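I opened this notebook to record what I looked up in the structure. The entries follow the order of my reading.

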Amino acid sequence: MPNADGYFGEYGGSFIPPQLQEIMDEISAAYDSCRQDPEFKAELARLYKHFVGRPSPIFHAQNLSEKYGAPLYLKREDLNHTGAHKINHCLGEALLAKKLGKKKLIAETGAGQHGVALATAAALVGLKCDIYMGEVDIAKEHPNVVRMRILGANVIPATHGRKTLKEAVDAAFEAYLADPHTQLYAIGSVVGPHPFPAMVRDFQSIIGNEARVQFQEMTGQLPNNLVAYVGGGSNAMGLFSVFLGDEEVQIHGVEPSGRDLHTQGEHAATLTLGEPGVMHGFKSYMLKDGEGEPQEVYSVASGLDYPSVGPQHAYLKDTGRVNYGHINDKEAIDAFFELSRLEGIIPAIESAHAVAYALKLAKEGEKGSILLNLSGRGDKDIDFVVEHYGQDFGIESLL
Ligand SMILES: *Cc1c(COP(=O)(O)O)cnc(C)c1O
């Protein structure tokens with residue numbers, strides 16, 4: 001999967017203007033040759049080991065296991081350089097761009113996480129980097145903007161409309177169309193036209209490949225359950241893709257149900273409530289409003305408010321191989337503090353959704369072991385969490 005046209009069942013494909021299709025075909029061909037090229041693979045492996053710090057360990061969370069009644073293990077993507085899994089595909093995309101003779105990486109970013117990871121990869125590999133970001137997000141996500149600029153990237157404000165992620169996508173897309181030959185648009189998840197959903201998944205499958213070996217070394221078995229957060233779906237596909245053939249392994253993807261699953265604009269549960277459609281160049285589940293346009297979406301994990309999802313997830317939902325559940329803001333924040341206070345690990349709010357789901361699963365009993373992908377660390381979220389939820393957890397305002 002996917003087939004030669006980039007389809008996972010009926011999902012995926014490529015719905016873009018002809019001049020961009022030519023470029024996507026070029027990227028596809030280059031990726032096909034890179035993935036079989038021992039030199040490319042060796043260079044990526046070298047960077048994963050010595051730059052990112054891979055393999056990331058698996059940690060047996062014994063305190064949580066004891067309290068919730070099931071063996072719980074964490075794949076520690078939060079320990080990667082730059083603090084999350086995104087660096088895995090950004091390095092792959094940067095090496096590919098270099099191979100194609102491109103001079104510049106471009107991308108949009110919401111909360112700035114993809115921008116920082118890409119700016120990091122660009123600095124290392126020796127490419128220019130333009131990051132498009134809504135003016136509102138630039139003001140909100142100041143530390144990440146500073147990081148990108150220190151790393152040498154240009155942060156270009158999107159100043160139209162609501163001045164957030166969607167406008168940043170428009171601006172980046174326009175810039176790409178103006179000059180698709182010297183730039184590579186480095187998509188930040190398993191979304192977009194073929195070959196990006198497959199390519200980003202393959203770069204992220206380092207997570208599952210490591211975890212499979214590590215878990216068996218630790219326990220002598222495969223995990224009974226996998227759990228991962230699904231925004232666009234890249235960290236989840238990176239883990240899941242390696243276990244799809246192991247029928248005894250139950251696989252769970254977790255979406256954000258936000259403030260209210262039953263009010264439009266108050267959640268981002270695309271697979272739970274969406275319907276098939278085409279957006280941003282590919283077919284998948286999407287959340288549409290009354291007019292068939294992409295819905296406003298919301299989650300406490302800001303920057304991930306994306307009204308669609310990777311096409312392979314859509315396929316895995318329809319086939320029933322993966323079970324997609326959801327976790328709301330409150331449950332995620334509770335899990336954020338639970339992991340911090342019982343295991344000494346502050347998770348990203350995104351990852352906290354997966355933690356919350358895993359704890360629910362453990363409490364149900366008789367589900368066996370659970371391996372959850374801790375996609376990132378929570379440094380970026382601490383100010384927000386303390387400001388909005390600190391009092392509930394005994395942290396008074398420090399001001
Ligand atoms: C970006 C991000 C995600 C969501 O992206 P996916 O493509 O769904 O993996 C999840 N966790 C963290 C920490 C992130 O930074």
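Which residues have the most contacts inside the largest nonpolar core? I found Ile 27 and Leu 105 in that place, in a core of 87 residues. A nonpolar core is a set of buried Ala, Val, Leu, Ile, Met, Phe, Trp, Tyr and Cys residues joined through side-chain atoms within 4.5 Å; buried means under 20% relative accessible area with a 1.4 Å probe, protein chains only.

I noted that the model is predicted, that local features need pLDDT of at least 70 and side-chain atom pairs pLDDT 80 or more, and that totals for chains, interfaces and linings use all residues. Residues are numbered from 1 along each chain, and side-chain values use heavy atoms, without hydrogens and water.

The core draws at least three residues from each of domain 1 (7-49 + 86-200) and domain 2 (53-83 + 205-393), with bounds from an automatic or database domain assignment. A second, separate core of 35 residues includes Ala 61 and Phe 336.

I next looked up Ile 27, whose contacts (heavy atoms within 4.5 Å) include Leu 96, Tyr 176 and Phe 196, leaving aside residues up to four places away in sequence.

I then turned to Lys 86, where UniProt places "modified residue: N6-(pyridoxal phosphate)lysine" in an unreviewed entry; such annotations may be inferred rather than shown by experiment. Lys 86 lies in helix α4 (residues 86-99), a DSSP run of H or I with at least four residues. Lys 86 is buried, with a relative accessible area of 19%. Beyond residues up to four places away in sequence, Lys 86 touches Gln 113, His 114, Ala 117, Gly 188 and Gln 204.

Key:
Helix = DSSP H or I, 4+ residues; strand = E, 2+ residues; numbered from the N terminus. Buried < 20%, exposed > 50% of the residue type's maximum accessible area, 1.4 Å probe, protein only.
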